[in-house]
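This briefing concerns the structure displayed below. It covers the classes of residue lining a pocket, the arrangement of a sheet and the hairpins within that sheet.

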Amino acid sequence: MSPVIRTNWLLLAIAGLLGFIIYMHSQQQDGYTPITKLDGNRISRILIEHENTVLARLQRQENGWADLASGNPVTNQEWITRLLHIARLPSLHSFPAADLDLEAFGLQPPNYQLRLDDQIIRFGGIDPASGLRYIQLGQQIHLISDGYTHYLTPPP
């Protein structure tokens with residue numbers, strides 16, 4: 001067998017092995033657990049508060065979402081989708097909130113509070129070392145990506 005053919009067979013084998021590794025990696029879960037067990041398709045109420053002021057009070061209706069303050073339907077479905085997705089964000093790190101100074105994490109008082117049905121998510125400050133956001137659910141503090149926090153402000 002000539003060296004060129006041998007090299008081609010070796011390169012084909014390496015390409016096949018790399019393809020198999022990529023396929024197996026894509027089949028595995030990322031290892032992170034979501035911050036809540038809520039299913040976005042089953043959430044029926046959303047409440048957003050900022051500094052004890054209600055920014056949005058939304059209710060799922062048969063034909064979509066409605067703003068309970070005005071009674072008008074919510075026309076920005078992408079905003080609703082992003083809010084519902086917050087329930088499934090991965091917790092990148094978590095630790096118990098007991099005996100901790102919540103004010104140091106920006107959680108006392110929280111910057112924002114998001115209530116999805118009966119689950120309350122309190123949004124705090126940003127960890128200076130990692131750039132991740134502190135949130136509190138019950139007695140647990142989680143670090144999450146900060147890519148969704150701006151959705152807590154209702155669109156005009």
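For the residue classes used here, Ala, Val, Leu, Ile, Met, Phe, Trp, Tyr, Cys and Pro count as nonpolar, Asp, Glu, Lys and Arg count as charged, and the others, Gly among them, count as polar. The model is a predicted one. By these classes, the lining of its largest pocket comprises 11 nonpolar, 4 polar and 2 charged residues.

**The largest pocket**

- The volume of the largest pocket is about 240 Å³.
- In total, 17 residues line the largest pocket, and those nearest its centre are Leu-58, Asp-67, Val-74, Trp-79 and Pro-155.
- Strand β3 supplies the largest share of the lining of this pocket, with 5 residues.

**The sheet**

- An open sheet of 8 strands is present, with antiparallel pairing and the order β4-β3-β2-β7-β8-β9-β10-β6.
- Its edge strands, β4 (64-67) and β6 (93-96), each pair on one side only.
- On average, and with direction ignored, neighbouring strands of this sheet are turned by 20 degrees against each other.
- Helix α2, formed by residues 77-85, packs on the sheet and touches β2 (45-50), β3 (53-61), β4 and β7 (112-116).
- The direction of helix α2 makes about 100 degrees with that of β3.
- As a general point, the strands of a sheet pair through backbone hydrogen bonds, in either a parallel or an antiparallel manner.

- Strands β7 and β8 run antiparallel and are joined by 5 bridges.
- Within this pairing, Gln-113 stands opposite Arg-122 of β8.
- The hairpin has 2 residues between the strands, and Asp-117 takes a positive phi near 55 degrees.

- Strand β8 (residues 119-126) pairs with strand β9 (residues 133-137) in the antiparallel sense, over 3 bridges.
- Phe-123 has Ile-135 as its bridge partner in β9.
- Between β8 and β9 the hairpin has 6 residues, and Gly-131 in the turn has a positive phi of about 80 degrees.

Notes
Residues are numbered from 1 along each chain as its sequence is written. This is a predicted model: local features need pLDDT of at least 70, side-chain atom pairs count only at pLDDT 80 or more; totals for chains, interfaces and linings use all residues. Side-chain values use heavy atoms; hydrogens and water are left out. Two strands pair if DSSP finds at least two bridges between them. Helices (H or I, at least four residues) and strands (E, at least two) are DSSP runs, numbered from the N terminus. Axes are lines fitted to C-alpha atoms, for helices over the stretch in contact, and angles run from 0 to 180 degrees between N-to-C directions. Contact means heavy atoms within 4.5 Å. On a 1 Å grid over the protein atoms alone, a cavity is a set of points where a 1.4 Å probe fits but cannot get out, and a pocket is an open set with protein on both sides within 12 Å along at least five of seven lines; lining residues have an atom within 4 Å of a point. Grid points are joined across faces, edges and corners, and a volume is the space filled by probe spheres set on the points.
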